[in-house]
Amino acid sequence: MEEILEILSEIHPDVDFENEEGLADRRIIDSLDIVTIVSEIADRLDVVIPAEEIIPENFNSVKALSELVRRLDEE
Amino acid sequence: MKQKNVLEYLEKTVRRLPDKTAYADEETVLSFSQVYGQSRAVGSTLLEKGFYNEPVVVFMPKSPKTIAAFFGCVYGGCYYVPIDPEMPRSRIELIFKNLDPRAIICDSRLIDELATYEHNAELMLYDELIKNEINEKALADVRDRQIDTDPIYIVFTSGSTGVPKGVVACHRSVIDYIEQLSEVLGFSEQTVFANQSPLYFDACLKELYPTIKFGATAYLTPQNLFMFPVKLVEYLNEHKVNTICWVVSALTMISAFNTFKTIKPQYLHTIAFGSEVFAIKQFNRWREALPDATFTNLYGPTETTGMCCYYRVDREFEQGDVIPIGRPFQNREVILLTDEGKRAEQGEVGEICIRGTALTLGYYCNPQKTAEVFVQNPLNSRYPELIYRTGDLGRLNEYGELVFVSRKDFQIKHMGHRIELGEIEVNVNTLPGISMCCCLFDRQKDHIWLYYVGEISESELTGELKEKLPRYMLPNRIKKLDALPFTANGKIDRVSLQKRLEEK
């Protein structure tokens, strides 16, 4: 969770990620950000997010994204 | 008789296919007869109100109705200027200042938004305009007066001084472009487009005009889908999309996540891309997924009406290869000019200069900038002949194909957009608390870097810039420094900063 918060904050230092629950729906992040997030998570956490998991529900909040990464890591 | 007006496309098609879908998004579906009816109502009203041969701002979000509004302006003998409220505020303000328009067509949901801008224009609501009577006589009279070098639209590009430049394009250039492009990409009545480009860039000409020329159909892809690769491919399949003309980053968004292992586009047979370098690894994933599709690289500056050159991929490419931009469409010539104003030798690098009907009319209310780049052909001293100097450097490869080398100045290509780094700097420097800044581009990572010295924090600066710059111009990395390095003659040392970021 900490690491993911850090990745997001590096991309948008001005966004309050801890309390935001509509990152994708409200277009706070865009397609370029998604590419960056997925590649940073692969680099730093060694977790590969497959295409079918790149859906709005998994990217709307830090919590959702952390849960996705945890789930993929356990698999 | 030869075609002189782009609307002739629509008029021929509406007779043949009145009920077929022309343009559609999630909210609105417009058939050719609806586009025809609505745009002629808009045109009739503009004429009755006395607007003629002048810019009409179309202040609407991306929608099929917006396209009908564009054609409405042309029916009224005016030229459309698309402004989407998603454009940054300061840019919109500058555009209003440059145009000083007398007429604005607005979406009813955007009245409040528009009210926050300063202008002297008469405001007309699209949904009201289309209820007005069609004045056949007035429309016919205007058509009789119009000539093929009258403007159709103005779209704004990035300017190095921070002021966007309005490129004015006419019927003749657009018709010429659409004819050549359609032949190269093989568009037909069966073509189903998924549009990606915003309507305020000339990239959308590729879908807008072939649709009315052939009676094809264009879906305006919801922008959100470009974040979610599987959903995007599902969308293409759901609408049986067979043709896409997208920026490279939209295509790599799909291939980079191995989306093709989950889902493949089922109907897609024509893929055109451009505006930036296609990483060969990603490109080959596309070819592997769709071995029977044609892939065409396109290149062209807004100033010469849409695209100018094409290369249809006809051989294998390996890591490290560059996909060429190929050859010019028919009826335009590319001249590679050396610094001495001579034609470059075989293999020698020169500035890409373009001559032909494709040349737009120049920049709106900006004779100075126009004269800098629309210049007399230095190879012709016998009669007036304009060429457009792109500022791009190119050379011919061993196959005789044109290859893009780099920009001449600080202009870069990023996310499919042409950006002047100087424009970002100008905007940063106007912020309070900034003493100096320098903007650089990391070509390898496709990142814009901003170094600055000042009293505000990196996050404050990011927030401020979001108000000023379009998303694609925002620096990807912002770094506050205690001081910037200087060269011996007192200029910011770009070279050492560039080294610094490349060593990271």
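Helices (H or I, at least four residues) and strands (E, at least two) are DSSP runs, numbered from the N terminus. The model is predicted, and local features need pLDDT of at least 70, side-chain atom pairs count only at pLDDT 80 or more, while totals for chains, interfaces and linings use all residues. Residues are numbered from 1 along each chain as its sequence is written, and chains are lettered from A and ligands numbered from 1 in the order in which they are written.

Select residues 229-238 of chain B, which form helix α10. Here B:Pro229, B:Leu232, B:Val233 and B:Leu236 are buried (20 or more other C-beta atoms, placed from the backbone, lie within 10 Å of a residue's own). Viewed down the axis of α10(B), these buried residues fall within an arc of 95°, so they line one face of the helix (the arc is that of the directions from the helix axis to the C-beta atoms). After the helix comes B:Lys240, with a positive phi near 55°.

Next, select β24, β25 and β26 of chain B, which in that order form an open sheet with mixed pairing (two strands pair if DSSP finds at least two bridges between them). Strands β24 (434-442) and β26 (477-480) of chain B stand at the edges, each with a single partner strand, so one side of each has no neighbour in the sheet. Between β25 (residues 447-454) and β26 of chain B the pairing is parallel, over four bridges, and B:Tyr451 stands opposite B:Lys479 in β26(B).

Key:
A residue is buried if 20 or more other C-beta atoms lie within 10 Å of its own, exposed if 12 or fewer, and partly exposed in between; C-beta atoms are placed from the backbone.
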